[in-house]
Each structure stands twice: as C-alpha cells, then as structure tokens.
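Good morning, and thank you for coming. Please look at the sequence and the structure on the screen while I go through the helix packing, the aromatic residues and a few points of the backbone.

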Amino acid sequence: MSRDRDPRTLRRPARSALIATSATALSLTASGCVVVHGEREILPSTTRAEAAQALQEFTTAYNEADKAYDSTLDAGHTTGALADIDSARLKAGKANNPDGNPRHTPLKLTDAKFTIPKKAGWPRWFVADAAGNKGGTARWLLVFTRSGLDDPFQVAYLTLVAPDKVPQFKTDADGWAEPVPVNSTDLATAPGDLSRTYTTFLKGGGETFTDGPHTSQWRAARQKNSKKPGMVTQYIDEPLTNGDYAPLALRTADGGALVFFTTRHFEKQTAYAGTSVPTPNKDVLALTKGEIKQSFTMEFVSNEVALDPKGQGKVTILGRIQGLTSAEGS
C-alpha cells in the first residue's frame, strides 16, 4: 500500500439500526385485531394488504426522489445498503442537474408477489418480487423491513434476478414463509457468515461460490485491471453485517435458503510518478472530496442475493447491485 491514505480509513456514517423496545405487535385474526406479545409470539411479519401498500408507497417516493434528484423525498422508505446507494446517486444527480432529472422515467412495478415470513421478535420483514419496466425481463426483489410497530416499512435490499432464478419458498398451509436464522448450521454457509466469506473469496478465491459474473468473473476483471500502464489499482473488500446491514434469509422449498447480504468495497488508483490518475466522470466528481492528483479512492456499497444450498455445496450469487457512495482524491 502506498503512503497515501489507506482506503480503509474512508468512512461515511451508516444509518444506525432502530432498536425496537415495543413489546407488542398486531395479529390479524378472523375476528379482527388483537394485541399480543410480539417478542414471543410467532406471527406473520405483516398482512399481504399492508405489504402491497408498502410497495406502492416506496415506488411513489422513489419516483418523486428520482424526478427531483432529492434524497429527502424517499429517505423514509429506504434503509441499509439501498439507502447508501440511492442517496449517493441522488446527491450526484442533484449536483449536476439542480433542476431535477432530465431523463426521469417513472418506475412501474407490476405482477407483485409477496413472501412474508412468520416469526417472533423484530425486525419484521418481507420480500416483494415484481416485474419492472426497467432492467429488461429481470424480476425486482425488494426486502422491506421495520424495527418497531410504529415504524414504516423501508427497503433495505434491492436486487434484480432473472425470472427463472427466483426460487420457490417453503410455506406453511396458510402461505407464510419460514425465516432462516443467521447462525443456521444446516446450510453450506451460515447466512451470517456470507458477507465475510464473500469478501474473503474476492481477495483470495476459493471453492465456496459457483463461477459467475459476481464471483470468478469479477475477480478476473479486477486482477486484469490491477496493473495498467502508468497506474496500479488496489482493492479492499469489507463485510457489513450489523444493524441495517444485517443479512436476511428465507427457507427455500428444497431446504436451502435465499440470503440477502451487504458488502463494502474500496478501489484505489495510484499513478506512477510523473503521471496522474484519469479524471472520472461528473457524477463521480460530485461525490469526491479532495483534489485528484496521484491517487484516487472510491468507496462502494453492494447488496447481494444468494442461493445457499442445504448441507454441502456451493453458494450461487444470483444478483448484485453496487453503487458509489463516496470518493477522495489526493
């Protein structure tokens, strides 16, 4: 590593998790709503009608924020990795287009399917699987979460997955799904370990993951880009596992799990003496501190969704969305 600032010292304050102190939750029964002890009772995380409403409210807020390039308009509907990625994107857009997004096209999500786990305690969460008018034929997978009865549902994870790759989930007779504990030992990799295992793989390789664009191909591309004429690029990958970045997993019909998790990545470009780092585009510059001379460090947040098989086997990364959150030149 050069004497320039270590990319691991670059940090942007993460949104802290809301720690629920409420001891109650609402259980919808045939006769209406009754109050129960939510930290002990195993209940659906929400109703299907409330899930549909949360998706609609998110979509409306997302479109308003995208049109105006104003992160305050959807801040109440995002958290975790998506909040980091989305707010940085809107900040850069606003800096370069103060009057709003000239290329705005409203996001439309249709054919929504909701997978709602039945669980005790907080956070309560569910997965929405919808078709979108952006991203081609890919299905939009959104994970909504909240940490208390009085909190709104917010989207923590957003990934795009090919329709034939979305798994079937294990459900009970009433259609409620089964969450998988982060320390589960019946899977190839415990959901709570996936973020760390993934960043370890990106650094040194291994046999944990199947080959694909987010594993072997990404490692190969980074190795190819690490040394170019006049410049060296270094990569540092970090797991993100706490609070709003905690992994969430659902049991699939075959006994495995679909796991959503978060990672952070740094890319540092250092030019040889007598040369300079290429100037990035205007959206990157809008998120950059300092003057770019001989080195340039970018920080990214990435959210992934993976199929984690039961027992032995390799984990498959189905989708990954990554966004630049900050940068610094020196």
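Let me begin with a term: a contact means heavy atoms within 4.5 Å. Helices (H or I, at least four residues) and strands (E, at least two) are DSSP runs, numbered from the N terminus. What you see is a predicted model, in which local features need pLDDT of at least 70 and side-chain atom pairs count only at pLDDT 80 or more, whereas totals for chains, interfaces and linings use all residues. Residues are numbered from 1 along each chain as its sequence is written, and side-chain values use heavy atoms, with hydrogens and water left out.

First, an overview. The secondary structure of the chain comes to 5 helices and 15 strands. Of the 330 residues in the chain, 48% are buried, where buried means under 20% relative accessible area, exposed means over 50%, and partly exposed lies in between (1.4 Å probe, protein chains only). Among the contacts in the chain with a separation of 6 or more, 68% are between residues 24 or more positions apart.

I turn now to the helices. Two packed helices are described by the angle between their axes and the distance between the axes. The axes are lines fitted to C-alpha atoms, for helices over the stretch in contact, and the angles run from 0 to 180 degrees between N-to-C directions.

Helix 1 (residues 48-68) and helix 2 (residues 80-96) pack at an angle of about 30°, with their axes 9 Å apart. The two are therefore roughly parallel to each other; angles under 35 degrees count as roughly parallel, over 145 as roughly antiparallel, 65 to 115 as roughly perpendicular and the rest as oblique. Which residues of helix 1 and helix 2 meet? From helix 1 they are F58, Y62, A65, D66 and A68, and from helix 2 they are L82, D86, R89, L90 and K94. By class, this contact of helix 1 with helix 2 has 6 nonpolar, no polar and 4 charged residues. Here Ala, Val, Leu, Ile, Met, Phe, Trp, Tyr, Cys and Pro count as nonpolar, Asp, Glu, Lys and Arg as charged, and the others, Gly among them, as polar.

The second pair is helix 3 (residues 194-204) and helix 4 (residues 216-225), which pack at about 45° with their axes 9 Å apart. That angle makes helix 3 oblique to helix 4. Helix 3 contributes Y198, F201, L202, K203 and G204 to the contact, and helix 4 contributes S216, W218, R219 and R222. The residues of this contact of helix 3 with helix 4 divide into 4 nonpolar, 2 polar and 3 charged.

Just after helix 3, G205 takes a positive phi of about 80°.

Next, the aromatic residues. Rings of Phe, Tyr and Trp (its six-membered ring) pair if their centres lie within 6.5 Å; planes under 30 degrees apart count as stacked, over 60 as edge-to-face and the rest as tilted. By this rule the count comes to 9 aromatic pairs. One of them is the edge-to-face pair of F58 and F144, at 6.2 Å centre to centre with 85° between the planes. This pair links distant parts of the chain, since F58 is in helix 1 and F144 is in strand 7 (residues 139-146), 86 residues apart. F58 and F144 are both buried.

F126 and F153 form another edge-to-face pair, 5.1 Å centre to centre and with 75° between the planes. F126 is in strand 6 (residues 124-132), and F153 is in the loop between strand 7 and strand 8 (154-161), 27 residues apart. Both F126 and F153 are buried. F58, Y62, F114, F126, F144 and F153 form one aromatic cluster.

Finally, the backbone. Most residues other than glycine have a negative phi, and most peptide bonds are trans. W122 and P123 are joined by a cis peptide bond, with omega about 0°, and P123 is found in the loop between strand 5 (118-119) and strand 6. Y69, which is not a glycine, has a positive phi of about 50°.
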